[in-house]
Amino acid sequence: LRLIRGPLGAERPLIKPKAIFVLSDGTGVTAKAMIEKTITTQFNGCDQRFFNVRLPKPLPSPSNALKVVGKEDEDDDDDEDDDDEICISMATKVYPFLISEEEVAAIIKEAESFNALLVFTFATSEMREATTRMCELSQITYVDLIGPMFQSMSKFFEREPLGKSVLGAPP
């Protein structure tokens, strides 16, 4: 492994990032912030400097896969599996202002080639349901960030959400 200097001067091995695609009918800022906070606080993620690296083109393979700095295992005394000690690196690709199922279908096809996690924030139930259906048919791992919250709040307030994006675009 080739080593380079990390944020504090420590040598770190280069590792391949995981791809996360963010889909939104708004800017995608909500999903991106949630992903970054979750990765850094819960999964020993790399610092901000390692977010948003460019995904390789064409399909990643061992020979042309993008390499990103990761955290080197500092305690070699343990014989246990130290996967939780390795810094998780990720490449996020944000697709903002999506308004059609055709746009989502094209992105899901691209996500398949990267074996990406798909995270989406759609205000309308139709787009959330269509995206969920397409992900399941394509066997893509996905997270609907706002659907469950909308369902719970709808039940709590005894009314349906308006289905407006943050930017106020009509559903």
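Let's start with one residue. E110 is partly exposed, because its relative accessible area is 23%. This is a predicted model, by the way. Now, which side chain does E110 meet in a salt bridge? The partner is K93, at 2.8 Å, N to O. E110 sits in helix α2 and K93 in strand β5, residues 90-95, so the pair ties together parts that are 17 residues apart in sequence. K93 has 25% relative accessibility, so K93 is partly exposed.

A quick general point. Side chains of opposite charge can pair when their charged atoms come close.

How many salt bridges does a search of the whole structure find? It finds 3. Let's take the next one. The side chains of D144 and R128 form a salt bridge at 3.9 Å, N to O. This pair also links distant parts of the chain. D144 is in strand β7, R128 is in helix α3, and they are 16 residues apart. Are these two buried or exposed? D144 is buried, because its relative accessible area is 18% and the cut-off is under 20%. R128 is buried as well, with 9%.

On to K32 and E36. Their side chains meet in a salt bridge at 3.8 Å, N to O. Both residues lie in helix α1, residues 29-42. They are 4 residues apart, which is about one turn of the helix. K32 is partly exposed, at 23% relative accessibility. E36 is buried, at 13%.

Now the inside. The largest nonpolar core has 19 residues. Those touching the most other members are F21, L23, L98, V104, I108, L118 and F122. Which elements give two or more residues to this core? They are β3 (18-24), α2 (101-114), β6 and α3 (125-138). Helix α2 gives the most, with 5 residues. There is also a second, separate core of 7 residues. Among its members are I20, A31, I39 and V119.

Next, the rings. A pair of aromatic rings is described by the distance of the centres and the angle of the planes. The structure holds 5 aromatic pairs. One of them is F120 with Y142, and this pair is stacked. The centres are 6.1 Å apart, with 20° between the planes. This pair, too, links distant parts of the chain: F120 is in strand β6, residues 117-121, and Y142 is in strand β7, residues 142-144. They are 22 residues apart. F120 is buried, at 0% relative accessibility. Y142 is partly exposed, at 26%. Ring pairs also join F21, Y95 and F114 into a cluster. You have already met F21, in the largest nonpolar core.

Now to the loop between α3 and β7, where Q139 is found. Why does Q139 count as exposed? Because its relative accessibility is 72%, and the cut-off for exposed is over 50%. Q139 and I108 are 31 residues apart along the chain. Their C-alpha atoms are separated by 10.0 Å.

Last stop, the surface. M149, M153, F156 and F157 make a nonpolar patch of about 470 Å². M153 belongs to helix α4, residues 147-157. At 40% relative accessibility, M153 is partly exposed.

Terms used
Residues are numbered from 1 along each chain as its sequence is written. This is a predicted model: local features need pLDDT of at least 70, side-chain atom pairs count only at pLDDT 80 or more; totals for chains, interfaces and linings use all residues. Side-chain values use heavy atoms; hydrogens and water are left out. Patches are made of residues with over 30% relative accessible area and no salt bridge: like charges are joined within 9 Å, nonpolar side chains (Val, Leu, Ile, Met, Phe, Trp, Tyr) within 5 Å. Accessible areas come from the Shrake-Rupley method with a 1.4 Å probe; for residues, only the protein chains shown count as cover. A salt bridge is a side-chain nitrogen of Lys or Arg within 4 Å of a carboxyl oxygen of Asp or Glu. Buried means under 20% relative accessible area, exposed over 50%, partly exposed in between (1.4 Å probe, protein chains only). Rings of Phe, Tyr and Trp (its six-membered ring) pair if their centres lie within 6.5 Å; planes under 30 degrees apart count as stacked, over 60 as edge-to-face and the rest as tilted. A nonpolar core is a set of buried Ala, Val, Leu, Ile, Met, Phe, Trp, Tyr and Cys residues joined through side-chain atoms within 4.5 Å.
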